[in-house]
Structures are given as C-alpha cells and as structure tokens.
Amino acid sequence: MKRFAIAVAFAVMPVLASAQTVEQKQPSTYDTIWTKLTDWYDDKDNPVVQRVLFTGRFQHDLAMVEADEGDWRESNIRRMRFGARVTMFRDLLVHAEVEVNPQERNPFYMRFTDAYAAWQKHPRAVITVGKQSIPFTQEGATSSRELITIDRSNLANNIWFTQEYMPGVSVSGRAAPWIYRGGIYSSGAMNREFGEFNGGMFTLALIGYDFAKPLGVREAVLTGNYLYQHPDANNTFTKRFEHIASLHFRLDEPKWGVRTDVSKTAGYLGQRDVLGMVLMPHFNATSKLQFVYRYTYLDSDGPNGLGLAAYESRVVRGSGDRYHESYGGVNYYFYGHRLKLQSGVQFADMRDSANDGGAYHGASWVTGLRIGW
C-alpha cells in the first residue's frame, strides 16, 4: 500500500506542476484589456511590417498649494499623448506620438513628442534619428510613465531640458554590465514639431555601470552624463547652460531601493550656475503598495537663478537662489506602471536674496492617476 501511494504521488506531481504552470500563464484581466487596446497588428511573417502598437499615456492631477504667498487649487490633465510604434523590416522601429490638451482645447494639438526611426539590429548599438527623448539627470532619464513620485523634482525642472524631446542623432546600447549613449541634437527656437534649427547644437555623453552582481542586489546602476551646448541667444528649446554634468545612482531591491543625483551646471547669457542634489529612498510594503521620500537641494551662484516646480509656480512666478524640498508619497500599482494611483505631500522653501518676488514657503498636495500603454 505504501509503495502504491508513493507511485501515485510521483504520477500526480507532474500533472499538478503542469496545472500550476498553465494557471500562472493565464493572462490577467489587465493583460487582456491592454493587449486589445495596444496590439493593433502582429505578423512576424510579413517581410515589411511585423508589428504595430498603439502607445500613449494619460495623467490627471488634483493639486492643492498652501503657502505664505498664496493658495492654489487645480484639477489638471497633466499629460495626454498617443501614437504608434511600428516594427518594419525586422530591425527598424518607427515611433511617433503627439501631445494634446483636451482640457482647454485651444490649442488641442500641443506638439509632437517622439518622431524618430531607430535601427535596432544590435542591442549594443541602437542608432536613433529624429525627435527623441534627451535622457540626463536621474529623473530626466526616467519616463514620466515610470516615475515613483507624482512628478519630477525641482532639480529636473531647473537643470534638465523639460521640453525633453529634441531632434538629433544618437547611438545607445547595453553590454552588461555597461550602458552608454552618445548624441548630437539641435536646439534653436522652439516650435511644436522639430524646431527652427537656428540656434546651434548640443551633445550628450552618458555611461553607466551596473554593480548589481558584486553587491548581490537586483539593480545598482551608477551613471555619469555630460552635456555641452553651444551658447546661442536663439535657443528656446533648451535651458541656457553651456555645461551640465550629472552623477546619479539607482539601487533597487524587491523590498526597498534608493535613487540619488548630484548635478552641476555652467550657464551662459545671464543664466546662473546651479548645483543640485536629490536623495530618494523608497520602500515596497507589498507588491502593489509603495512609500517614497525625496529630499531636494538647489543652489545658484547668484540671485534669480532658480525657478519653482509646476504647481508652486502658480503661486509665485518669480525666481530665487536657494531651494529646499521634502516630499513624502505613496503609490498604489494596479497594473505596474501602466495603471497606478500616486499621491504626495511636498514642503518647499525658496530663498530670494534679491527680494524681488521669488521667495516661497509652503506645502502642496498632489494626487494623480497615471495610465500608460
């Protein structure tokens, strides 16, 4: 009898294991919805077009600001974009997205964000031509769909090129544990498409190394980037910095992680030099619930070198020269970064040594729905 029981157990175990595997592979309701929404065409046997994906994002905020200088309330469609990613000839990716403003509707069409072609036959050398994201600083290199705070810090607002998408040519790749990127981009006068090409060029170099294996963690990427921009009065696509250097670190474990950034700039045509630092630890209470803290420090080498963040600037439109921020937030991930609810309270203080309308001391609370596809 004992031998029979053992034989039955050995016979049943593979069946149970197979059933568990099948169960694990069953798509969730979210998987089904997102697949139906985004997968417009998929045929690997087609020699010209292999796949067409619908892409985009919708982000809505409820914002409250209470400061010594005044108060603000706002319900705001923060971002709405849509477009397509088309894989052609096996190795060519064509991506185009537009940003629209359904809240005010005048204008409804805001701009093209992405409009590029990328040759990606070799992951170690992806060549991208066209209007594309310019990834430097820690948060500037993170898509708005994947931020773990409700929005980027004031370091990104002041140092990173917040227009984000510029026309140019870049080469990027990954050869674990190394990552790199190099690019040449046009600045010049801004418009809703590719710009006027009348203000010179800037270059970006980035190199990173993942220390995950020697540290025994999931991810530990140290990245350095340097940007040089030719000074030109016609540049309105970019901020007026001739040099920008940034060193940032990202460590992620299943339960916790931390992100840091130290960035320094050299301005031109009256733009002050800026030093910025960010420390951002986070804790994953469950697979869906996450807590985040962020401290931001900014200092300019003279008066009126800094601006405030998006909602703070609704109250104070002037500039200052030293900024501190403490942020505490909570995120709930329904479907990873593709569907999440984020909320954060931010306490900020900006000194205005020129005393010409840039001082700020207050708190803001922003809650937002983030959907990406």
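How many cavities of 30 Å³ or more does a search of the whole structure find? The search finds 1. A cavity here is a set of points, on a 1 Å grid over the protein atoms alone, where a 1.4 Å probe fits but cannot get out.

Before I continue, a word on the basis. This is a predicted model, in which local features need pLDDT of at least 70 and side-chain atom pairs count only at pLDDT 80 or more, while totals for chains, interfaces and linings use all residues. Residues are numbered from 1 along each chain as its sequence is written, and side-chain values use heavy atoms, with hydrogens and water left out.

The largest cavity has a volume of about 40 Å³, volume being the space filled by probe spheres set on the grid points. Among its lining residues are Glu139, Arg259 and Met280; a lining residue has an atom within 4 Å of a point.

A salt bridge is a side-chain nitrogen of Lys or Arg within 4 Å of a carboxyl oxygen of Asp or Glu. Glu139 forms one with Arg294, and their closest N and O atoms are 3.3 Å apart. Arg294 lies in strand S14 (residues 289–300) and Glu139 in the loop between S6 and H3, so this pair ties together parts 155 residues apart in sequence. Arg294 is buried, at 1% relative accessible area, and Glu139 is buried at 5%. Buried means under 20%, exposed over 50%, and partly exposed in between, with a 1.4 Å probe and protein chains only.

Glu325 is itself buried, at 1% relative accessibility.

Finally, Asp151 and Arg78 meet in a salt bridge of 2.5 Å, N to O. Asp151 is buried at 14%, whereas Arg78 is partly exposed at 23%. Both belong to a salt-bridge network that also includes Asp61, Arg79 and Arg370.

Notes:
On a 1 Å grid over the protein atoms alone, a cavity is a set of points where a 1.4 Å probe fits but cannot get out, and a pocket is an open set with protein on both sides within 12 Å along at least five of seven lines; lining residues have an atom within 4 Å of a point. Helices (H or I, at least four residues) and strands (E, at least two) are DSSP runs, numbered from the N terminus.
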